Amino acid sequence: MVSPSQVYRSTRSSDNEVKSFEAAVIQGLASDGGLFIPPTIPQVSEDELFNKWSKLSFQELAYEIMKLYISESEIPEKDLKDLINRSYSTFRSNDVTPLVKNTTGSSNNLHVLELFHGPTYAFKDVALQFVGNLFEYFLQRTNKDLPENERKQLTVVGATSGDTGSAAIYGLRGKKDVSVFILYPTGRISPIQEEQMTTVADENVQTLSVKGTFDNCQDIVKAIFADKEFNSKHNVGAVNSINWARILAQITYYFYSYFQATNGKKNKVKFVVPSGNFGDILAGYFAKKMGLPVEKLVIATNENDILDRFLKSGTYERSDEVAATLSPAMDILISSNFERLLWFLAREYLASNDDLKAGEIVNDWFNQLKTEGKFQVSSTAIEGALKDFDSERVSNEETIETIKNIYQISENPKHYILDPHTAVGVCATQRIMAKDNDASTHYISLSTAHPAKFADAVNQALSSFPEYSFEKDVLPEELKKLSTLPKKLRFVEKADIELVKVAIEEELAKMKL
Ligand SMILES: *Cc1c(COP(=O)(O)O)cnc(C)c1O
């Protein structure tokens, strides 16, 4: 039996076509340009939540959640449990995503949810460790009965300005029948990020250092996806943040941290999420809609504030240029996953719960975005969004001030050091706490990266403290060692699609997949 929350439709579709979980994950983007969503969100009762789920480990909870979205006929129980256990065995914490409680003192319910204990020290590992195993699982199953020369192999190609590339590489390293090529702009990512990517020795991994900008790299990747001949020859795949499996894997930590914050009891809880492409916080929206009693999900943005502006004005409008901020993983013009929320808003508030009508409305909005650079959503839908969301915009100065402030006032632990993305979230949290002035609410502020990954901003904030040392207080041993390892990378002399295609084909030929 497949339940309605285990099939997927496109956010832009106005027909009844639905896909399986496997098709939605492997295909990534729907053919009409929309994103896949489960139109029905499964419901969990309070009894189930507070008498059963609150007592589960991270992995057990992940299984309970995922099985609601994946039919047992697609992935049997034993296989799904095995996928989950393997995916989180690479994390350095038993809790997978530990909660640092009462960071600024026991009278303040400000808790920091550390999502960076995976292999690349950033939150994207929570999803990409699982997605890598999932790709391999589906490919192995397809290939099981095929002769050697007909095996399906996936060539994952992506561009990165830092975090996504290394998380994708660590998710896919050593996986059977998958190769991964990550393009990055030569000299324009941080040394640690470059070391993380280029020191992975697995044969199926190749980094391409491209002379150009991140936008050049991104354009080349887009052109490769659009290249039908290259695509059908190499079966090009993506692991970008619009993949539904990434959202699904992130739902777990909302439930898990809620129970940790409240000791398994129902209580007032707000989540604050440093947001860029809206993938992280969208998982929180699913948790809330499944029945987790969350008061608000707070979107924290840096100066690239399209989401904050939308919630305040109802107009979704791209700026002309990305601002380069101290939290580069959130430097975006358009927030790709936001389309999924727009679909649910359109259906509930503008389409009388009709899936097909919702698809039509979203399609119209995105056509307008393309032609006019913006669209306007009616106040009914915005008022609806404000029942679940709040938003705060945080400047570079405030980001630095927050790193400083928390270093000075933190009690658990003392001298707690935030990365700049996390600081955007914590700054927003402190603002909301001051506005609410309610000691009984729990605030869970999501920490999306280890401070060692963003040395410049952290040092800028803390170097004036005499006792502070980056080497001693921030940099983990494991990351120190990276600089001593051999690097594997291939330079591409010019940001040119033909040169990149040649590089991929030459390297593919050398890989024995
Ligand atoms: C990707 C990323 C974010 C933004 O997450 P979205 O899902 O794109 O909103 C925030 N912080 C860090 C460190 C990231 O790598």
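**The open sheet and its surroundings**

Guide: Strand 3 and strand 4 (residues 110-114) run antiparallel and are joined by 2 bridges; strands are DSSP runs of E with at least two residues, helices are runs of H or I with at least four, and both are numbered from the N terminus. Val-100 has Val-112 of strand 4 as its bridge partner. This is a predicted model, in which local features need pLDDT of at least 70 and side-chain atom pairs count only at pLDDT 80 or more, while totals for chains, interfaces and linings use all residues. Residues are numbered from 1 along each chain as its sequence is written, and side-chain values use heavy atoms, with hydrogens and water left out.

These two strands belong to an open sheet of 6 strands with mixed pairing, in the order 3-4-14-9-10-13, where two strands pair if DSSP finds at least two bridges between them. The edges are held by strand 3 (99-100) and strand 13 (389-393), and because each has a single partner strand, one side of each is left without a neighbour in the sheet.

Helix 10 (residues 244-262) packs on the sheet and touches strand 3, strand 4, strand 9 (269-274), strand 10 (296-301) and strand 14 (442-447), contact meaning heavy atoms within 4.5 Å. The direction of helix 10 makes about 135 degrees with that of strand 14; axes are lines fitted to C-alpha atoms, for helices over the stretch in contact, and angles run from 0 to 180 degrees between N-to-C directions. Helix 11 (residues 279-290) also packs on the sheet, where it touches strand 9, strand 10, strand 13 and strand 14, and its direction makes about 175 degrees with that of strand 10.

With 13% relative accessibility, Lys-124 counts as buried (buried is under 20% relative accessible area, exposed over 50%, partly exposed in between, with a 1.4 Å probe and protein chains only). Once its neighbours within four places in sequence are left aside, Lys-124 is in contact with Thr-164, Ala-167 and Arg-246.

Glu-383, which lies in helix 15 (residues 379-388), is by contrast exposed, with a relative accessible area of 53%. Along the chain Glu-383 and Glu-114 are 269 residues apart, and their C-alpha atoms are separated by 31 Å.

Helix 14 has buried residues too, including Ala-358, Trp-365 and Leu-369, and among what covers its buried residues are strand 11 (315-317), helix 13 (338-350) and strand 12 (374-376). On the other side of helix 14, Lys-370, Thr-371 and Glu-372 are exposed.
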